[in-house]
Every structure is written in structure tokens, then in C-alpha cells.
Amino acid sequence: EMDLKGRSFLKLKDFTPEEILYLVDLAQELKEKRKQGIKGDSLKGKNIALIFEKPSTRTRCAFTIGAQDEGGTATYLAGSELQLGEKESIEDTARVLGRMFDGIEFRGFDHEFVEALAAYSGVPVWNGLTDQWHPTQVLATFLTLKENFGYLKGLKLVYLGDGRNNVANSLLVGCTKVGVNIAVAAPKRLWPDEELVKECEEYAKAAGSTIEVTDKLDVVEGADILYTDVWFSMGEEKKEQERTKLALPYQVNTELMKKTGKDTTIFSHCLPANKGKEVTEEVFESEKSKVFDEAENRLHTIKAIMVATLGNR
Ligand code: CP
Ligand code: NVA
């Protein structure tokens, strides 16, 4: 049994492949139990803060229901209604919340904020998305892949569109750590950071898998999953037009799904989606689309993170 008690979950770089896979397995176990109507009590008596500087449907609900299913209490705190970073420093806010709460989820802009919360609160802190990383999303992608294919190592994931956003960054780290072959297909201006790619090449080498960054769509050949995300993330609304022009050739449509050469290829997306932009309505609504399975899997994987780092087991 893996011991993650007391750990924060800020970015996948902080976790070993074994730890990441353990969380996916635990999520699968919790999902099966929930389907049988069995709920746990591992978060009984735990008070959990959910701080959101940006909007959320899935992440907020997953933390809320996940805590509730295990006997914990979640309190939503709108970032704009705290003193956060304006009237009060993040370090002081962290020390206050740490005196009252047993665990803290944070979604916001600056990744350094969530790191500071973890450093100063003295309780486990979970990253519900920052400009740089969206680590909980990748666990949901992995659970979805496992459910569809039965395994992860050796699968091929192709991510298309904005190769520099939080979801792309986290998929790069997660996939290369656990041995899912990953390719990013994007216009050159939206390629991932070179330093990050170098680091991920090392992870891939250790896992015996591959990482590729290209502007060619031929890379989808042999893909088990095509994955995409919005072309402009929360906080980047001003970039909509420019990004749409740049990324349009990387839209996931039926023709691209066929180009993989496999009839088993699935499609997924972290959601919310801009249908007709990064993915066509046709692919989104097709049998191959697993977007709502992945959305549900946010609950089970986020619950697993809370149970593993905070739960009485
Ligand atoms: N995928 C995801 O994080 O969704 P929300 O923004 O709705 O939480
Ligand atoms: N990249 C998107 C993900 C939303 C879940 C954003 O940051 O807005």
C-alpha cells in the first residue's frame, strides 16, 4: 500500500509513476464501491476548503461530492470574496485557513499561489487548476483510458491544439511518467515549452515510451485517443481570434478520427468545450467520444486524491 498521507497534490512532477498509478487504481476501486451504493467514512470529521478564483463546474462538484461521499464537509470560498493576495498575503491566508481546515483545494491563476498555500498552511493542498497545471484532470483521463483499453502503458495519446496550456502541460508530464506515448500536434507558436519537453523526454526514457511535438497531422496515425482542449483558456479571452486562426487546422473532426487508422480510437476533452472550434459537434456526440465518462471520473479521481492524502484508512 502506497502512503501519501499528508502530501499535497500540486503538479504531477512531484509524484512517481507508481504513485500516479496507485491513485488511478484507488479511484477505480472507489468508483466500483460507489456503483454498489457503498460509501466510505475516511474523511469523517474533515473540513475541506474549496477556493476558486476562476469558475468551475466539474472540479468544484467533484471536490464537494467526493468529500461528502466519504463523510467530510466541503466549504466553497470564492477567491474574489477572500482577502487573497490583495488585502492579505497568500502566506497569511494559508496560515489562517490551516488553523481551521484539514485540507484545501485551490483553483486560480498563478501557480506560485498554490505552492505557497501548501508551504504555509500545514495541511494537504490540492491544485484544482492553475495557469500552468491541471493535474487532477490527467488522473481522470488515465482512468478513462484504463476503462476503455484495460491498461495504460504503450497506449498512444495525441493532444491537439493549444500545446502550451495547463491541460497540455499536465498530460505531457503524466503520460511520459506512466509510459503512455504522447504526441502534441499544434501550430509552432503553440508548442509546449522547450524546457518542459526536455524534462518529459527524461521521464519517457525511464518509462520506455515516446514524446513527440509536431505541426504535422500525420502523427495521429495509430493513436488510441485524440485529446483536445479550448484554444484560449480562462484568463486568455482576449486571445480568442488570434488563437482560432492559428489552431483551426488542428480541429478534431471525423476525418481526423479516421486518419488514426484504428476503429478503436476514442476522443476526449477536459470540458467545457467550444463545439465547432477545437472539436466538431459530430465527434463530440459520437460513440467514440468519452467526454462524459471522463467528466464523471473527475469525481472518483479527486475523491481518491483526498482519501489518499487526508483520509483515515
Ligand atoms: N475540466 C474541468 O476542470 O472542468 P471545470 O472547469 O468545470 O471544473
Ligand atoms: N485549459 C482550460 C481548462 C479548463 C478546465 C482553462 O484553463 O480554461
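Contact is taken here to mean heavy atoms within 4.5 Å. The structure is a predicted model, in which local features need pLDDT of at least 70 and side-chain atom pairs count only at pLDDT 80 or more, while totals for chains, interfaces and linings use all residues. Residues are numbered from 1 along each chain as its sequence is written, and side-chain values use heavy atoms, with hydrogens and water left out.

An unreviewed UniProt entry carries the annotation "binding site" for N166, D229, S233 and M234; such annotations may be inferred rather than shown by experiment, and their positions follow the numbering used here, with feature names shortened. Although these residues span 69 residues in sequence, no two of their C-alpha atoms are more than 11.6 Å apart, so they gather at one spot.

Within this set, M234 lies in the loop between β8 and α8, where helices (H or I, at least four residues) and strands (E, at least two) are DSSP runs numbered from the N terminus. With a relative accessibility of 31%, M234 counts as partly exposed, a class that falls between buried (under 20% relative accessible area) and exposed (over 50%), as computed with a 1.4 Å probe on protein chains only. Leaving aside residues up to four places away in sequence, M234 touches K54, P55, R107, L129 and D131.

D229 is also placed in the loop between β8 (225-228) and α8 (240-247), but at 4% relative accessibility D229 counts as buried. Beyond residues up to four places away in sequence, the contacts of D229 include Y159, N166, H269 and E278.

Notes:
Chains are lettered from A and ligands numbered from 1 in the order in which they are written.
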